[in-house]
Amino acid sequence: MNFRLSDRIWASILSLLLWAVFSITAAFSYTPTALALEYNKEILVEADFSGRDLTDSSFTKANLRQSNFSHSNLRGVSFFAANLESANLQSSDLTNATLDSARLIKTDLTNAVLEGAFAANAKFDGAIIDGADFTDVLLRPDEQKKLCKVAKGTNPTTGRDTRDTLFCP
């Protein structure tokens with residue numbers, strides 16, 4: 001009878017240890033997915049969003065003047081009618097982002113990827129676009145001509161020349 005009782009005790013201890021190891025392993029291997037955030041109509045002047053995963057977030061009509069989005073994942077983000085004047089978007093991923101009616105005046109887009117972005121009424125006056133990738137970006141012809149005047153460099157992520165992605169002559 002003592003033999004069976006000690007076996008049960010050892011089995012219980014072993015079971016508890018296995019559950020502890022499993023729980024610790026599960027807790028450390030869990031990586032939370034990015035949650036889409038809404039910053040619509042917010043005043044976020046000089047905000048720091050650098051290095052963040054903001055996939056599918058919305059900044060519609062937000063004031064983001066002089067904000068920092070460098071090295072951020074901005075895939076699918078809506079910057080519809082947002083003020084991004086003098087913002088830092090260096091090396092950000094703006095794939096499939098909505099930039100329609102956005103103010104990107106004096107915005108730093110160095111090495112940014114804008115592939116598939118919608119920027120039909122966006123203003124890029126004075127923007128820095130060295131190494132930016134504009135593949136399949138919908139732009140107004142007058143904005144495209146302005147960008148071609150300052151376009152140079154190759155995007156380090158996609159390997160595409162900025163001038164080629166803008167179809168500059």
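Y39 is buried, at a relative accessible area of 18%. Buried means under 20% relative accessible area, exposed means over 50%, and partly exposed is in between (1.4 Å probe, protein chains only). This is a predicted model: local features need pLDDT of at least 70, side-chain atom pairs count only at pLDDT 80 or more, and totals for chains, interfaces and linings use all residues. Residues are numbered from 1 along each chain as its sequence is written, and side-chain values use heavy atoms, with hydrogens and water left out.

**Aromatic pairs**

- The structure holds eight aromatic pairs. Rings of Phe, Tyr and Trp (its six-membered ring) pair if their centres lie within 6.5 Å; planes under 30 degrees apart are stacked, over 60 edge-to-face, and the rest tilted.
- Y39 and F59 are stacked, because their ring centres are 4.9 Å apart and their planes stand at 10°.
- Y39 lies in the loop between α1 (2-29) and β1 (118-119), and F59 lies in the loop between α1 and β1, so this pair ties together parts that are 20 residues apart in sequence. Helices (H or I, at least four residues) and strands (E, at least two) are DSSP runs, numbered from the N terminus.
- F59 is buried, with a relative accessible area of 0%.
- F59 also pairs with F69: the ring centres are 5.5 Å apart and the planes stand at 90°, so this pair is edge-to-face.
- F59 and F69 each lie in the loop between α1 and β1, so their pair ties together parts that are ten residues apart in sequence.
- F69 is buried, with a relative accessible area of 0%.
- One aromatic cluster is formed by Y39, F49, F59, F69 and F79.

**Nonpolar core**

- The largest nonpolar core has 39 residues. Such a core is a set of buried Ala, Val, Leu, Ile, Met, Phe, Trp, Tyr and Cys residues joined through side-chain atoms within 4.5 Å.
- F59, L64, F69, F79, F124 and F134 touch the most other members of this core.
- Setting aside residues up to four places away in sequence, F79 touches F59, L64, F69, L74, L84, L94, T98, L99, D100 and A102. Contact means heavy atoms within 4.5 Å.
- In soluble globular proteins, nonpolar side chains tend to be buried together.

**Two polar residues in the loop**

- T95 sits in the loop between α1 and β1. T95 counts as buried, at 10% relative accessibility.
- The T95 side chain makes a polar contact with the D93 side chain, at 2.5 Å. A polar contact is a pair of N or O atoms within 3.5 Å; within protein, one must be able to donate a hydrogen and the other to accept it, and residues adjacent in sequence count only if both atoms are side-chain atoms.
- Not counting residues up to four places away in sequence, T95 touches L74, R75, G76, V113, L114 and E115.
- E42 is also placed in the loop between α1 and β1. E42 is partly exposed, with a relative accessible area of 39%.
- Leaving aside neighbours within four places in sequence, E42 is in contact with A62 and N63.
- The C-alpha atoms of E42 and A82 are separated by 9.7 Å, and the two residues are 40 residues apart along the chain.

**Disulfide**

- C148 is joined to C168 by a disulfide, S to S 2.1 Å. The rule is a pair of cysteine sulfur atoms within 2.5 Å, and the count comes to one disulfide.
- The torsion about the S-S bond of C148 and C168 is about -90°, so the disulfide is left-handed.
- The pair links distant parts of the chain, 20 residues apart: C148 is in helix α2 (residues 141-150) and C168 in the segment after α3 (162-165).
- Both C148 and C168 are buried.
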